[in-house]
Amino acid sequence: MIAAVLPLSLAACGSSPEADNAAAATSNSSGNYLAQIGQLNEKERNGVLFRAISDAGRACQGVTRSIAGPALQGNPSWVATCEDGTPWVVSINDKGVATVSAVQGSAPKAG
């Protein structure tokens, strides 16, 4: 299953760390991104979320854990914690567009 999701290469749109960044999936022709992400185990999902965070220009060396978050604008979200402890909220719509933002009340670590 991971081979089917790895093509969810997410490319960053914008590079401002202060503003929400959106990333678009580029090579999955099926269009059912949410169903595919929902079938992943945590380690596989962490890989997808890391790619979204990294492609959005955020500092993250790897995602160590992720948990489901509240829906944002009708789209599912996950709180992904990077190796340095920085949490990011990643929301992905069914077209494969990811929005990455800092968790309120936490400051991204420098690096």
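A disulfide is a pair of cysteine sulfur atoms within 2.5 Å. In this predicted model, the count by that rule comes to one. The bond joins Cys 60 to Cys 82, with the two sulfurs 2.1 Å apart. Cys 60 sits in the loop between H3 and strand S3 (63-72), while Cys 82 belongs to strand S4, so the pair ties together parts that are 22 residues apart in sequence. The torsion about the S-S bond is about -110°, so this disulfide is left-handed. Buried or exposed, then, for Cys 60? With 8% relative accessibility, Cys 60 counts as buried, because the cut-off is under 20%. Cys 82, at 1%, counts as buried too.

Now for the chain as a whole. Its secondary structure comes to three helices and six strands, and from the N terminus on the elements run α-β-β-α-α-β-β-β-β. There are 111 residues, and 37% of them count as buried. Take the contacts between residues at least 6 apart in sequence: 42% of these join residues at least 24 apart.

The largest nonpolar core has 17 residues, and the ones touching the most other members are Leu 49, Ile 53, Val 90, Ile 92 and Val 100. At least two core residues come from each of helix H3 (42-55) and strands S4 (75-82), S5 (87-92) and S6 (97-102). H3 gives the largest share, with four residues.

How values were computed:
Residues numbered from 1 in each chain as written. Predicted model: local features only at pLDDT ≥ 70, side-chain atom pairs only at ≥ 80, totals over all residues. Heavy atoms only, no water. Buried < 20%, exposed > 50% of the residue type's maximum accessible area, 1.4 Å probe, protein only. Contact = heavy atoms within 4.5 Å. Core = buried A, V, L, I, M, F, W, Y, C linked by side-chain atoms within 4.5 Å.
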